[in-house]
Amino acid sequence: MVKQTIQIFARVKPTVRKQQQGIYSIDEDEKLTPSLEIILPRDLAAGFVNNKRESYKFKFQKIFDQGANQETIFENIAKPVAESVLAGYNGTILAYGQTGSGKTFTITGGAERYSDRGIIPRTLSYIFEQLQKDSSTIHTTHISYLEIYNECGYDLLDPRHEASSLEDLPKVTIFEDPDQNIHLKNLSLHQAATEEEALNLLFLGDTNRMIAETPMNQASTRSHCIFTIHLSSKEPGSATVRHAKLHLVDLAGSERVAKTGVGGQLLTEAKYINLSLHYLEQVIIALSEKHRAHIPYRNSMMTSVLRDSLGGNCMTTMIATLSLEKRNIDESISTCRFAQRVALIKNEAVLNEEIDPKLMIICLQKEIQELKDELALVTGEQRTEVLTDAELLQ
Ligand SMILES: Nc1ncnc2c1ncn2[C@@H]1O[C@H](COP(=O)(O)OP(=O)(O)OP(=O)(O)O)[C@@H](O)[C@H]1O
């Protein structure tokens with residue numbers, strides 16, 4: 001078992017204007033945990049908080065400033081998680097931040113340049129490369145891609161997606177088995193034998209992804225998306241199968257409704273998004289408090305799906321994406337505050353091994369035959385007939 005708190009990282013999006021200097025600073029002392037200081041300009045300090053504090057400091061595992069490229073992000077954040085998934089542990093990477101702060105860019109990547117590939121394509125590439133190297137184990141990889149929009153789940157890899165509107169598609173629903181394990185109904189799992197097949201599934205899902213526009217971001221994604229890589233592996237001849245899941249999560253924008261200036265349908269979306277992020281926050285608050293017996297996972301679909309990633313059997317990492325411009329200071333502070341709470345959550349990851357009953361029968365049959373052969377050798381009696389009822393009973 002590996003006990004670990006959720007790892008938190010910060011990534012600052014490049015700003016267009018030069019005037020943003022002096023709004024934040026990063027202290028990268030080798031001995032201490034790096035800290036990000038957000039400095040409130042005087043005019044904002046009076047309005048934003050009553051006690052007129054002028055700077056806020058937040059600690060992160062690592063802080064990636066504007067110049068950090070996608071390769072650096074992958075190497076530092078995603079690769080260690082991918083490695084533990086390959087070793088048989090569950091992993092989750094969550095991107096959290098306001099609209100336009102770079103969540104999608106970090107998780108999926110930008111379409112313009114190959115070097116802009118984000119965590120998902122790079123992780124797929126790394127995982128398949130490692131699986132290919134390890135020829136002593138039999139591996140199977142499946143992909144699922146879930147979108148949670150207005151508290152309803154949709155399968156982004158449903159082939160009917162292109163032909164039907166969202167409302168006509170069967171909703172993905174949650175059910176809990178008697179052992180309290182969560183299962184998702186109507187979410188398809190697609191086998192991917194190669195990196196290319198897995199990437200095609202990612203592109204298919206992204207094409208189907210619900211996009212609506214808000215005044216803040218021309219192509220803002222108003223939903224939560226969970227891309228999951230399911231890995232199974234077993235040694236040849238063994239009945240023990242290892243399962244590990246890697247959730248790569250692009251959350252919807254965390255900003256408040258008032259600021260986006262939306263109405264009608266978009267306001268409904270914003271309410272739902274805020275509601276599900278509010279439930280996520282409640283779960284995180286409950287988990288970060290000691291001795292809390294009840295954790296309200298069931299309140300929303302997202303927290304139900306991510307139950308294991310939050311305070312459960314999983315190695316979880318969160319990336320706080322920040323757009324550190326003057327007008328975004330309050331949102332950036334609230335993103336950092338959220339991250340500080342998340343950092344208090346302890347997870348306990350265990351190896352997910354189970355015995356495949358069919359393989360077990362084959363192994364036992366083989367063992368029986370070997371024992372029979374051994375017995376025949378000792379007694380000198382070659383018996384081929386089946387056991388009598390009395391012998392079976394015995
Ligand atoms: N580190 C970065 N380097 C270069 N461009 C970036 C970076 N981060 C974000 N961008 C660009 O900024 C824009 C907004 O980013 P992105 O769509 O990833 O935001 P988001 O947080 O996912 O927003 P939403 O909540 O709407 O999904 C995009 O055009 C993206 O390409």
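**View 1. Strand S14 and strand S17 pair in the antiparallel sense.** In this predicted model, strand S14 (residues 240–250) and strand S17 (residues 353–355) are joined by 3 bridges and run antiparallel; helices (H or I, at least four residues) and strands (E, at least two) are DSSP runs, numbered from the N terminus, and two strands count as paired if DSSP finds at least two bridges between them. Residues are numbered from 1 along each chain as its sequence is written. Because the model is predicted, local features need pLDDT of at least 70 and side-chain atom pairs count only at pLDDT 80 or more, whereas totals for chains, interfaces and linings use all residues, and pLDDT itself is the predictor's confidence in each residue, from 0 to 100.

**View 2. Strand S14 also pairs with strand S13 and with strand S7.** Strands of a sheet pair through backbone hydrogen bonds, either parallel or antiparallel. Strand S13 (224–234) pairs with S14 in the antiparallel sense over 9 bridges, and Leu231 stands opposite Ala244 in S14. S13 and S14 form a hairpin with 5 residues between them, and in its turn Gly237 has a positive phi of about 85°. Strand S7 (residues 91–96), by contrast, runs parallel to S14 and is joined to it by 5 bridges, with Ile93 standing opposite Leu248. S14 is mostly covered, since 8 of its 11 residues are buried; a residue is called buried if 20 or more other C-beta atoms lie within 10 Å of its own, exposed if 12 or fewer, and partly exposed in between, with the C-beta atoms placed from the backbone.

**View 3. Val81 is a buried residue of helix H2.** Val81 has its place in helix H2 (residues 70–86), and it is buried, with 24 other C-beta atoms within 10 Å. When residues up to four places away in sequence are not counted, Val81 touches Gly91, Ile93, Leu246, Met315 and Thr317, where a contact means that the two C-beta atoms, placed from the backbone, lie within 7 Å. From C-alpha to C-alpha, Val81 and Leu201 are 21 Å apart in space, and in sequence they are 120 residues apart.

**View 4. Helix H5 lines up its buried residues on one face.** Helix H5 (residues 195–208) has 14 residues that should span 20 Å at 1.5 Å a residue, and its end C-alpha atoms are 20 Å apart, which agrees; the expected span is 1.5 Å times one less than the number of residues. The buried residues of H5 are Ala198, Leu201, Leu202, Gly205 and Asn208. Seen down the axis of H5, these residues fall within an arc of 130°, so they line one face of the helix, the arc being that of the directions from the helix axis to the C-beta atoms. An α-helix has 3.6 residues a turn, so residues three or four places apart point the same way. The buried residues of H5 pack against helix H4 (119–133), strand S8 (138–149), strand S12 (190–191) and strand S13, while Glu196, Phe203 and Thr207 are exposed on the other side of H5.

**View 5. Helix H10 lies largely in the open.** Helix H10 (residues 357–379) has 23 residues and reaches 32 Å from its first C-alpha to its last, close to the 33 Å expected at 1.5 Å a residue. Of these 23 residues, the number buried is 0, so H10 lies largely in the open. Gly380 follows H10 and has a positive phi, near 75°.

**View 6. Strands S3, S4 and S5 form an open sheet.** The sheet has 3 strands in the order S3-S4-S5, with antiparallel pairing. Its edge strands are S3 (24–27) and S5 (55–59), each of which pairs on one side only. S3 and strand S4 (residues 35–39) are joined by 4 bridges and run antiparallel, and Asp27 stands opposite Ser35 in S4.

View 7. The chain averages a pLDDT of 83, and 85% of the residues score at least 70. Where pLDDT is low, the predicted coordinates should not be read in detail.
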